Amino acid sequence: MSMDVTFLGTGSAYPSPHRGASALVLRTEGECWLFDCGEGTQTQLMKSQLRAGRITKVFISHLHGDHLFGLPGLLCTVSLNTSCDPQQTLNCVDIYGPRVHELEPTSDQSPEEGQLSAEMTAEHGPLHPQEQPGRTISLDVSSDSYLLFEDKKFVVKAFRLFHRIPSFGFCVQEHDRPGRLKTELLKELGLKPGPLYGRLKAGDPVTLESGHVILPSEVLEEAIPGRKVCILGDCSSIVGEGPLMLCSGADLLVHEATLGNEQREKAVDHGHSTPEMAAAVARACCARRLVLYHFSQRYKPCSLQKEGDEDDVSELKRQAEDALQDSGIEVTLAEDFLTLPVPLKR
């Protein structure tokens, strides 16, 4: 099963001609999960090889505009291809993120036809035809994390980060996959290719006509470890023990590096990190690869860097690499439309 991450926006604060606002997509088997949705994400999607209609889940790290201003428009576009027929099953987009505070308007703020009825705005009022009820996900104190969902392929959890407003990171953990069948051994045992192979692959024992029972452990190679991708929202530090436990051994750790090490005080004052701070997290959780993103718009992509420019984005990579000497952790600078494959571990 292929898996990759595509960065649609790698800049902070606002979209610029050089960098889009925060947004990245994790793609696997044709399904796309969007992490943050800054202003202009729709345009970035159209410039990429990805399709908005493939997005089935959206994860919002926090409620600053450069991480969510693109969401309303994107949802409207996705809804154009969604039927309002109540008799049909809705292919909903699940949205995960922090709590929202809503203001209650008064009647003198607009003409009558522009006002929403009390029923529509009530906490337990009727839902929009294309809307389904959500749920509140509380912190699991035992694991210091939030279980967002789990299926046969993945378990996805969130963890706490410290920022100017509550911020979250996300851990996507793929379940281990069964190893390959030892087909030559199966033939020697008298089992021909067919449905029984599938049963063994699924972990079920098979009984031959002779009465001999073949156990999956006897004919399967070692299991293929599941891949792990961790994406942190804006932060100046992690909160609690959950982040390091969840991100331990991450194949890909995506961490912001808004400003260079020389501006650490300013970065922390604004709830952000430097390359050295990001590297410290990567080292603590023994990540395989650290990907830096969410750069101040002063840092142009390497391809647009000119001789004499004061703020060199490649310096951010060097700072992280210096902090990770002898760790074996690879450092990558994210750029808009960069796609990074996450290969299987064999």
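Start by selecting Leu-34 and Val-58: Leu-34 stands opposite Val-58 in β4. The model in your viewer is predicted, so local features need pLDDT of at least 70 and side-chain atom pairs count only at pLDDT 80 or more, while totals for chains, interfaces and linings use all residues. Residues are numbered from 1 along each chain as its sequence is written, and side-chain values use heavy atoms, leaving out hydrogens and water.

**Stop 1**

Select residues 55-59. This is strand β4. Helices (H or I, at least four residues) and strands (E, at least two) are DSSP runs, numbered from the N terminus. Of the 5 residues in β4, 4 are buried. Buried means under 20% relative accessible area, exposed over 50%, and partly exposed in between (1.4 Å probe, protein chains only).

Two strands pair if DSSP finds at least two bridges between them.

Pick out Phe-59: its bridge partner in β5 is Tyr-96.

Next, show helix α1, residues 41-47. β3, α1 and β4 make a right-handed β-α-β unit. Right-handed means that, with the strands pointing away from the viewer, the path from the first strand over the helix to the second runs clockwise.

**Stop 2: the domains**

Colour domain 1 (3-177 + 224-341) and domain 2 (183-219). These bounds come from an automatic or database domain assignment. The C-alpha centres of the two domains lie 44 Å apart.

Select residues 224-295. An unreviewed UniProt entry places "domain: Metallo-beta-lactamase" here. Such annotations may be inferred rather than shown by experiment; feature names are shortened, and positions follow the numbering used here. Over this stretch the chain is 31% helix and 24% strand. The end C-alpha atoms are 35 Å apart.

**Stop 3: the cysteines**

How many disulfides are found in the whole structure? The search finds 0. A disulfide is a pair of cysteine sulfur atoms within 2.5 Å. Select Cys-230: the nearest cysteine sulfur, that of Cys-247, is 3.5 Å away. Cys-230 is buried, because its relative accessible area is 0%. Move to Cys-302, which counts as partly exposed because its relative accessibility is 43%.

**Stop 4: Thr-274**

Finish at Thr-274, in the loop between α8 (264-269) and α9 (275-284). Is Thr-274 buried or exposed? It counts as buried, because its relative accessibility is 0%. Leaving aside neighbours within four places in sequence, Thr-274 is in contact (heavy atoms within 4.5 Å) with residues including Ala-257, Asn-261 and Arg-264.
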